[in-house]
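Please keep the sequence and the 3D view at hand.

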Amino acid sequence: MRWSLPGLFGLPRLDLPLLLALLTVMGGGLFVLYSASGEDLGLVYRQALRLGVGIAILLAISQVPPHVLRRWTPWLYALGLVMVAATAWLGVGQGAQRWLDFGVVRFQPSEIMKLAVPMMVAWYLHPRVLPPGFKDGAIAGAILVVPALLIARQPDLGTALLVGVSGCFTLFLAGLRWRVILGLGATALAALPALWLVMHEYQRNRVRTFLNPESDPLGQGWNIIQSKIAVGSGGLAGKGWLNGTQSRLEFIPERHTDFILAVLAEEFGLVGVIALMALYLYIAGRGLYIASVGRDTWSRLVAGSLAMTLFVYVLVNGGMVSGVLPVVGVPLPLISYGGTSAVTLLAGFGIMMSVYGHRKFTR
């Protein structure tokens, strides 16, 4: 479809349906955040300011042609890699060194790699014959594995897995053969016992809690048990905005960050959750459509990978909140409170807008 926002002063057009869907998710998210935060307007204003910065970055990136973004890719990847490595010595945080403190702002460098890894894998594959052979696949694999291992050492296993997944999607879209994909999957399954050995004790406890949350209902299992109670008590239509007892009475920890979906489910019920999931599905689908009209290999691979990765974020967060997956600290895209993740996501949508705005659209 050719719905687009006319450019101002000769600027390329933006994808209006995608932009409206993003604004709808963010606007609805601020309402949920107001309730989840106990009607803390200051917190909502700060999140709105961060989203505003993210939208400004989206608009700025959308005006940069894809071939220029491709040229900047190695520098962005190198910068992200250096910052992630520096976090091991200079990082701050409680229990994990994940942030760099610049005085006026704290920044999580691993968020850069969510963009830089698929961009770099696509940059490497762009001039090569696809589908990639063994040598090119191995080099592309190294591009995604190195930052993922550095992030896992912080430790931040959730972000490390998502960074790895974003690179894997790029390889998948490049046409990596199914026998190679199945072989890598089998290798990953075989490596699970080794992964268990190198995991931190708190990470093992999260897996144990996932398998049996009732074993420690007042400790490790508290989050997931209260989250499931909130989701179940919402029923079909929910209790209404600002009327969620599990969240208002502070039974749900992290209710304005990783578990904000439980607040939404309690107050807006199954109807609200389905409406939100439909919006996410539309955004991911629109991203895949943009990938299909990209002018070159790099544009198609990056836009498609970012769209598919967004969907994985939603699945992982939803799985955490509903108890289907272990808690790995993945926020709900564009709704959970937090700046770095939201700005990075919107920068990714800026890349999609660039691909769309600079395409040569032909019917």
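From which domains does the lining of the largest cavity draw at least three residues each? They are domain 1 (13-63 + 216-358) and domain 2 (71-198), with bounds that come from an automatic or database domain assignment.

The model is predicted: local features need pLDDT of at least 70, side-chain atom pairs count only at pLDDT 80 or more, and totals for chains, interfaces and linings use all residues. Residues are numbered from 1 along each chain as its sequence is written, and side-chain values use heavy atoms, without hydrogens and water.

There are 2 cavities of 30 Å³ or more. A cavity is a set of points, on a 1 Å grid over the protein atoms alone, where a 1.4 Å probe fits but cannot get out; lining residues have an atom within 4 Å of a point. Points are joined across faces, edges and corners, and the volume is the space filled by probe spheres set on them.

The largest cavity has a volume of about 130 Å³. It is lined by 13 residues, of which Leu115, Leu306, Tyr313, Thr344 and Leu345 are the closest to its centre. Helix 4 (110-125), helix 13 (297-322) and helix 14 (340-357) each give two or more residues to this lining; helices are DSSP runs (H or I, at least four residues) numbered from the N terminus. Helix 14 provides the largest share, 6 residues.

The second largest cavity holds about 40 Å³ of space. Its lining consists of Lys114, Leu162, Tyr313, Val330, Pro331, Pro333, Ser341 and Leu345.

Terms used:
On a 1 Å grid over the protein atoms alone, a cavity is a set of points where a 1.4 Å probe fits but cannot get out, and a pocket is an open set with protein on both sides within 12 Å along at least five of seven lines; lining residues have an atom within 4 Å of a point.
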